[in-house]
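Grab a pencil and try these exercises before you peek at the solutions. Keep the structure open beside you as you work.

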Amino acid sequence: MTGAGRRAGRRVPGTEPDWLTLGQAAKYLGVAQSTIRKWSDQGLLPAFYTPGGHRRFRRGDLDQFLARSGRGGQPGPLVLIVDDDPALRTYVRASLEGEGYSVREAGSAKEGLAALEEQPPDLILLDVLMPKVDGGEMLRLVQERHGVGAIPVIMFSGGVEEGGAEAVSRGAQAFVGKPFDPEQLIESTKQLLPV
């Protein structure tokens, strides 16, 4: 490339770059990098690859994606996933973000309560079986701090057969139990909190 070509491609101070890295694109859309990768792999979001194999995203493509998804640059309703299984959290997060939700994750009740204080979500997806503080105790603490029903909660578990009636009696809006299906959890979220 000639010196003039390099100058022409150089960013003018005060302007945003047209090409974004994976991390920059994730920040621009307000989602996790894993979600950007998933959308790119599914062909929903065009990506270009550097000679080293790194993905780059054109800002205009990201804007078009936002317009197509109906988000228009506005973040969707915020869902907090509290579960000690990182693989499940990643799957549910990517699926919900693909539907237009904003998502935060917490790997324990302690992390979930801290996230709740930073920014109260519109809905909590809460695993029943977690080490130290279980989902039932976290639900009680959420209700103590924010009021019963102030933040809707869907409780779920792959290890509890009959927990639905108890979860609802404790103040949860729904329960997804054994056999656990993450898609059912996502559908319950969409019914309780439409985008």
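**Exercise 1: a residue and its surroundings**

Task: in this predicted model, work out which residues S40 touches, leaving aside its neighbours within four places in sequence.

Solution. Step one: list the contacts, which are L45, A47, Y49, R55 and F57. Step two: pick out R55, whose side chain makes a polar contact of 3.0 Å with the side chain of S40. Step three: place S40 in the chain, where it belongs to helix α3. Step four: is S40 buried or exposed? Its relative accessibility is 10%, and buried means under 20%, so S40 counts as buried.

**Exercise 2: two helices**

Task: describe how α2 and α3 are arranged.

Solution. Step one: find α2 at residues 22–29 and α3 at residues 33–41. Step two: check their axes, which come within 8 Å and cross at roughly 100°. Step three: angles from 65 to 115 degrees count as roughly perpendicular, therefore α2 and α3 are roughly perpendicular to each other. Step four: see who makes the contact: L22, G23, A25, A26 and L29 from α2, with Q33, I36, R37 and W39 from α3. Sort these residues and you get six nonpolar, two polar and one charged.

Technical notes. Residues numbered from 1 in each chain as written. Predicted model: local features only at pLDDT ≥ 70, side-chain atom pairs only at ≥ 80, totals over all residues. Heavy atoms only, no water. Axes fitted to C-alpha atoms, helices over the stretch in contact; angles between N-to-C directions. Helix = DSSP H or I, 4+ residues; strand = E, 2+ residues; numbered from the N terminus. Parallel < 35°, antiparallel > 145°, perpendicular 65-115°, else oblique. Contact = heavy atoms within 4.5 Å. Nonpolar A, V, L, I, M, F, W, Y, C, P; charged D, E, K, R; others polar. Buried < 20%, exposed > 50% of the residue type's maximum accessible area, 1.4 Å probe, protein only. Polar contact = N/O pair within 3.5 Å; in protein donor to acceptor, adjacent residues only side chain to side chain.
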